[in-house]
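Dear colleague,

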Amino acid sequence: MQMEQMSLFDSGEVYRPLASRMRPETLRDFAGQKHLLGEGKILRQLIDQDQIPSMIFWGPPGVGKTTLASIIAHRTHAEFINFSAVTSGIKDIKEVMAQAESRRRSGKKTVVFVDEIHRFNKAQQDAFLPYVEKGSIILIGATTENPSFEINAALLSRCKVFVLQALDTEDLTGLLNRALKSREGLGYLNIQIEPELIGMIAEFANGDARTALNTLEMAVTNGDIQADKTVVTREILSQCIGRRSLMYDKKGEEHYNLISALHKSMRNSDPDAAVYWLARMLEAGEDPLYVARRLIRFASEDIGMADSQALPLTVAAYQACHFLGMPECNVHLSHAVIYLSMAPKTNSAYMAYEEAKLDAQQMLAEPVPLQIRNAPTKLMADLHYGEDYVYAHDTKEKMVRMQCLPDAVRDRVYYHPGVQGDEAAVKAKLEAVKRWKAGKEPCGE
């Protein structure tokens, strides 16, 4: 008689999600963060030497902040206390701090881990401060929000901030494959899933290990259970993560086709087309921060001096995407895309740099004119550094007739202002400045 395959729920134990079962207990099994935990890296050394300071782990969801704190808990020779910023009040904090102070007097360390520390209000954060200062506790906080904005400056100044990065596709693919083979994961099942589908789950997870494992578990749970195996097909996976995500490869040709379409639609002042291509990207699972970064580039490359407000607006859109994430941030990106589409256009800043770059690359050794060199020592002054320099602010015109380019390119013109938007006024001002420097007319006020 053939044995039937064990299902996900056949165990008599209380069921634990795959992401929980696959939580690593050692640094060896920890995925990602090689910039912090690789051999010789500072955080790795601090953990290995059991010399951890008070610190903040800052990073997006699912990158291992809580897991890393748990690994430290198993390795440190200290009392480890886990706090939740959602359920703990000032009374709870003070009780734990009193116990920690008692341990300190007897020569024992206390490590306090606070998940979602940004949810603590100022009074709650202040309650930790004197105990961190005295060394009664070593505080480890985890947050998805920028600590500069969400954590009191006094407390933050006493903590080392470590930035955890989103896991890359390779890290997530390795994690998913381990989950399929590990007995703690899904290794007790005979699962058939194509490597391509594993890669798609990793792409869909967008750097979040928890999302990747939850998606894999959902796909396996809904898989085609046969006599001796469970088969996960493309159709099954499409039901778990959305067919649109399977049709969009963030590293493939379609990715570059869509961002090109968005960029060129904005350049052509077509907000309808631009918003459409934006929606195509976001609804297919594109990282909103990637789109926001491209908009920041566009603001200077295609708009520049014609509307200098485009750059701060796109930077603000990036920050909004970072704070909110999808789907809420779609409206911020739409706002930015429409603004950029309707803004006056000039590529003068882009072209100025490209032209200057060619000269710079060919003449890297051209000397700085003596009159605009600093002369911090007597020797430099004796060599005529800074001689004939005139401080522009000391003049009526607030500028002087002084050569600032090297002799080899003294007559080069890199910036050619256009006449769109605000740049028309810039063009007129620059022409007046050049006429005055050439001695052809007085400078207008």
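Predicted model: local features only at pLDDT ≥ 70, side-chain atom pairs only at ≥ 80, totals over all residues.

Residues are numbered from 1 along each chain as its sequence is written, and side-chain values use heavy atoms, with hydrogens and water left out.

The sheet is open and is formed by five strands in the order E2-E3-E4-E1-E5, with parallel pairing. Helices (H or I, at least four residues) and strands (E, at least two) are DSSP runs numbered from the N terminus, and two strands pair if DSSP finds at least two bridges between them. Strand E2 (79-84) and strand E5 (160-163) are at the edges with a single partner strand each, so one side of each has no neighbour in the sheet. Within the sheet, E3 (residues 110-115) and E4 (residues 138-143) run parallel and are joined by five bridges, and phenylalanine 113 is found opposite isoleucine 140 in E4. Helix H4 (residues 65-75) packs on this sheet, where it touches E1 (55-58), E2, E3 and E4; touching, or contact, means heavy atoms within 4.5 Å.

Threonine 143 lies in E4, and because its relative accessibility is 1%, it counts as buried (buried means under 20% relative accessible area, exposed over 50%, partly exposed in between, with a 1.4 Å probe and protein chains only). Among the residues that threonine 143 touches, leaving aside those up to four places away in sequence, are Ile56, Trp58, Lys65 and His118.

Helix H6 (residues 122-134) has 13 residues, and its buried residues are Gln124, Gln125, Ala127, Phe128, Leu129, Tyr131 and Val132. These buried residues pack against helix H5 (90-105), E3, E4, helix H7 (147-150) and helix H8 (153-156). Just after H6, glycine 135 takes a positive phi of about 85 degrees.

Finally, helix H16 (residues 288-303) and helix H17 (residues 310-324) pack with their axes 9 Å apart, at an angle of about 175 degrees. H16 and H17 are therefore roughly antiparallel, since angles under 35 degrees count as roughly parallel, over 145 as roughly antiparallel, 65 to 115 as roughly perpendicular and the rest as oblique. Here axes are lines fitted to C-alpha atoms, for helices over the stretch in contact, and angles run from 0 to 180 degrees between N-to-C directions.

Notes
Expected span 1.5 Å × (residues − 1).
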